[in-house]
Amino acid sequence: MNFEAISPAKLPDLLRAMPKTELHMHIEGSLESELLFAMAKRNEVRLNHATVEELRSAYAFTDLQSFLDIYYAGASVLQQPQDFYDMAWAYFLRAKADNVVHAEIFFDPQTHTERKVSMRTVITGLHRACVDAKEKLNISSSLILCFLRHLSEESAFETLDQAIPFKEFFIGVGLDSSERGHPPEKFERVFKRARQLGFKAVAHAGEEGPPAYIWSALDVLHAERIDHGVQAIHDTALMNRLAKERIPLTVCPLSNLKLCVFPDLGKHNLGEMLNQGLCIMINSDDPAYFGGYLNENFLQTFAALNLNATDAYQLACNSFEAAFVTDEQKTAWRRQLDDCFRTFGA
Ligand code: ADE
Ligand code: ZN
């Protein structure tokens with residue numbers, strides 16, 4: 001592949017066109033404020049903001065917690081299976097526009113079961129959208145159930161128990177919400193149970209929290225991927241291990257910008273981590289709140305960090321490598337990627 005043949009002028013179109021997976025996206029974080037207001041109306045939920053514009057103007061975050069407060073309040077409009085379907089379907093349409101071929105989607109059941117919305121309502125609505133995404137858009141997908149780390153171990157166990165009747169509808173468990181003060185160790189036993197049941201394990205770690213949380217996500221929870229992981233850069237031994245073992249980090253640049261993990265995109269460490277040979281890829285995290293879906297993350301990050309076609313190819317390959325799919329599927333996507341690069345002259 002001749003990457004030099006792709007001029008910087010062609011790069012934005014290449015980034016848009018290339019096939020890619022998305023492995024770090026919270027479905028509740030894809031709920032656009034217009035849809036949120038429509039659901040509030042049909043479900044008769046009172047919101048803290050009077051208009052879409054007023055709500056959007058509150059999306060000025062200073063850290064993870066300031067975002068989570070608004071994100072959980074927004075999720076209160078989700079009540080019926082159709083609400084979960086509509087939210088996920090809207091995401092899949094965006095994903096299609098961005099040439100996403102496969103998505104592994106997080107959902108936060110405790111946000112809903114705490115409001116007496118059943119696990120069945122959540123999972124059946126989301127699952128139906130996943131089936132339609134394959135049938136109508138040719139996007140494959142799977143669901144990953146996340147435990148909220150600010151809640152107790154007991155609540156996580158209860159959540160896992162409630163989800164067991166629907167175990168064929170999700171492939172793994174994750175860990176999200178407020179990171180600081182809630183180390184992975186708190187969930188050692190529930191992750192062990194989930195892994196014994198055959199689920200994959202991933203965990204948010206090193207978003208705001210220290211590298212020690214990445215070590216324990218790997219060694220205590222046995223996470224196969226680390227979500228965010230950008231704080232690993234402060235720990236040389238950890239960086240060496242991540243590179244050597246090719247442990248994927250699902251990096252989310254616009255999220256990191258909006259939650260003030262980095263002061264501007266030009267200071268993001270994605271380029272450096274790529275240069276150090278880590279298996280990282282780009283993701284959108286909570287696109288309705290952070291100002292862009294997947295391609296917007298690619299475009300802004302490439303512009304800010306001056307990345308090139310070689311980087312684009314590597315990021316797309318990493319997004320295939322890190323997905324929970326068969327090797328045959330990865331090879332097929334790689335061929336699609338090569339075809340795409342060739343049409344751009346590579
Ligand atoms: N839940 C939704 N988005 C999140 C993030 N960026 N970090 C932790 N928990 C989250
Ligand atoms: Zn996340």
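Tutor: We will begin with the chain as a whole and then turn to the ligand, keeping in mind that this is a predicted model.

Student: What radius of gyration does the protein chain have, and why does it agree with a compact globule?

Tutor: The chain holds 17 helices and eight strands, and its C-alpha atoms fill a box of roughly 55 × 40 × 40 Å along the principal axes. A compact globule with 346 residues would have a radius of gyration near 20 Å, so there is agreement with the value for the protein chain, which is 19 Å.

Student: Where does ligand 1 sit?

Tutor: The protein covers 100% of the 260 Å² of accessible area that ligand 1 has on its own. The surrounding residues include H26, F67, Y71, D176 and H204, and the shell divides into four nonpolar, four polar and four charged residues. As for the place itself, ligand 1 sits in the largest cavity.

Student: Which helix gives the most residues to the shell around ligand 1?

Tutor: Among the residues that surround ligand 1 are L64, F67, L68 and Y71. The helix that gives the most to this shell contributes four residues and spans residues 64–74, and it is helix 4.

Student: How far is a nitrogen atom of ligand 1 from an N or O atom in the side chain of H228?

Tutor: Polar contacts are counted within 3.5 Å. A polar side-chain atom of E207 lies 2.7 Å from a nitrogen atom of ligand 1, and an N or O atom in the side chain of D285 is likewise 2.7 Å from a nitrogen atom of the ligand. For the side chain of H228, the distance is 3.4 Å.

Notes:
Residues are numbered from 1 along each chain as its sequence is written. Chains are lettered from A and ligands numbered from 1 in the order in which they are written. This is a predicted model: local features need pLDDT of at least 70, side-chain atom pairs count only at pLDDT 80 or more; totals for chains, interfaces and linings use all residues. Side-chain values use heavy atoms; hydrogens and water are left out. A residue is near a molecule or strand if one of its heavy atoms lies within 4 Å of it. A polar contact is a pair of N or O atoms within 3.5 Å; within protein, one must be able to donate a hydrogen and the other to accept it, and residues adjacent in sequence count only if both atoms are side-chain atoms. Accessible areas come from the Shrake-Rupley method with a 1.4 Å probe; for residues, only the protein chains shown count as cover. On a 1 Å grid over the protein atoms alone, a cavity is a set of points where a 1.4 Å probe fits but cannot get out, and a pocket is an open set with protein on both sides within 12 Å along at least five of seven lines; lining residues have an atom within 4 Å of a point. A molecule sits in a cavity or pocket if more than half of its atoms lie within 2 Å of its grid points. Helices (H or I, at least four residues) and strands (E, at least two) are DSSP runs, numbered from the N terminus. Ala, Val, Leu, Ile, Met, Phe, Trp, Tyr, Cys and Pro count as nonpolar, Asp, Glu, Lys and Arg as charged, and the others, Gly among them, as polar. The radius of gyration is taken over C-alpha atoms; the globule rule is 2.2 Å times the number of residues to the power 0.38.
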